[in-house]
Amino acid sequence: MAPIELLLFGFLIAVALLVARLRDLLAAALLLGIFSLLCAGLFVLNDAVDVAFTEAAVGAGVSTILLLGTLSLTRREEKSQPTRWAPLVVVLVTGGALALGILDMPAYGDPTAPIHQHLAPDYIAGTAAEFGIPNVVTAILASYRGFDTLGETAVIVTAAIGILALLASGRRWKGGAP
Amino acid sequence: MKIEPVGMREKKILRVVARLFIPFILLFALYVQFHGDYGPGGGFQAGVIFAAGFVLYGLIFGLPTLQRVVPFIVVEASVAIGLLLYAGVGVATVLLGGAFLDYRVLDAHDATQGLHLGILLVEFGVGLAVAGAMLVIFYAFAGRRSD
């Protein structure tokens, strides 16, 4: 792993711990935005620019604004609660199990990993031969996995409808906001 | 969300910088949308960036001003039109004798051209739906008062 990746991972863990510790919700919301931006940086380092785009725009941009908007409707400070140990045990056990599972995974960035051997070579070869476009991600999203993307778009539309149903609260608007 | 257009209006630097940046954000979104075949990006990213430009406008100049620029009905409609465009391309390919979402039949002579056209159209549908959904959520949140 390159030093810059280690640095970003370190920051990621530090920010995550800070968000969990903070009582100030405004600071926590902003730190979550930074968390997303760090993730986007890591995606860029892994050459996953398409995902990095999405993470930076949604995670660091729009969702931070929505969190801030929610905060302005509620209080800025988290209610202090007595420390409970049972959730910590559950989280530690689950995290330990996941870490144990990671040991069986192929090495980080290994090109001979099974996931890079199954369908990916067909997609990469087919994108150049059939589509004549350089962006394999677009070819997979829009064509090879066109059904999936149609479903995803339907999920987004459903989310918008759900938000309208929840927040418009029965009011009928004419050209204005709910 | 309490959006105070009057208070924000006094912050001259924010206003000037936002005014300078928003056209470029929107232009960049269009680039990401229509250059998605060749560079990184596509409908989803472009939709979010496009919406982010308008969200910035709404934050600086206030929700009522944003609603004059993009009425709610337009936002609401673009969500539905986006999904319908995507599914409509699928139906069109079936009517032209291919399988659902088999873009090759879209161009009678050149299958590659058909693929390009199909990808362009469905990506545009995704972009419309995502930009609309983001703005619907922003409008719904920003229009609320803590009461």
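Read along the sequence, chain B runs α-α-α-α-α-α. Helices (H or I, at least four residues) and strands (E, at least two) are DSSP runs, numbered from the N terminus. This is a predicted model: local features need pLDDT of at least 70, side-chain atom pairs count only at pLDDT 80 or more, and totals for chains, interfaces and linings use all residues. Residues are numbered from 1 along each chain as its sequence is written, and chains are lettered from A in the order in which they are written.

Reader: How many strands does chain B have?

Author: Chain B has six helices. Its pattern along the sequence is α-α-α-α-α-α.

Reader: What radius of gyration does chain B have?

Author: The radius is taken over C-alpha atoms, and the globule rule is 2.2 Å times the number of residues to the power 0.38. A compact globule of 147 residues would come out near 15 Å. The C-alpha atoms of chain B fill a box of roughly 60 × 35 × 20 Å along the principal axes. The radius of gyration of chain B is 18 Å.

Reader: Which helix gives the most to the side of chain B that touches chain A?

Author: Two residues are in contact if their C-beta atoms, placed from the backbone, lie within 7 Å. The contact takes 50 residues from chain B and 43 residues from chain A. On the chain B side, α3 (43-61), α4 (63-69), α5 (72-95) and α6 (111-142) each supply at least two residues. The most, 18 residues, comes from α6(B).

Reader: How many nonpolar residues are on the side of chain B that touches chain A?

Author: Ala, Val, Leu, Ile, Met, Phe, Trp, Tyr, Cys and Pro count as nonpolar, Asp, Glu, Lys and Arg as charged, and the others, Gly among them, as polar. That side has 13 polar and four charged residues. Its nonpolar residues number 33.

Reader: How many residues of α6(B) are buried?

Author: A residue is buried if 20 or more other C-beta atoms lie within 10 Å of its own, exposed if 12 or fewer, and partly exposed in between; C-beta atoms are placed from the backbone. α6(B) has 32 residues and reaches 46 Å from its first C-alpha to its last, close to the 46 Å expected. That expected span is 1.5 Å times one less than the number of residues. The helix is mostly covered, and its buried residues number 25.

Reader: Is L101(B) buried or exposed?

Author: L101(B) lies in the loop between α5 and α6 of chain B. Its phi is near 65°, a positive value in a residue other than glycine. It has 21 C-beta neighbours inside 10 Å, so L101(B) counts as buried.

Reader: Is D47(A) buried or exposed?

Author: D47(A) is found in the loop between α2 (25-45) and α3 (49-73) of chain A. Phi of D47(A) is also positive, near 65°. It has 11 C-beta neighbours inside 10 Å, so D47(A) counts as exposed.

Reader: Which residues is G98(B) in contact with, leaving aside its neighbours within four places in sequence?

Author: G98(B) is in the loop between α5 and α6 of chain B. It has 17 C-beta neighbours inside 10 Å, so G98(B) counts as partly exposed. Neighbours within four places aside, its contacts are T93(B), R104(B) and V105(B).
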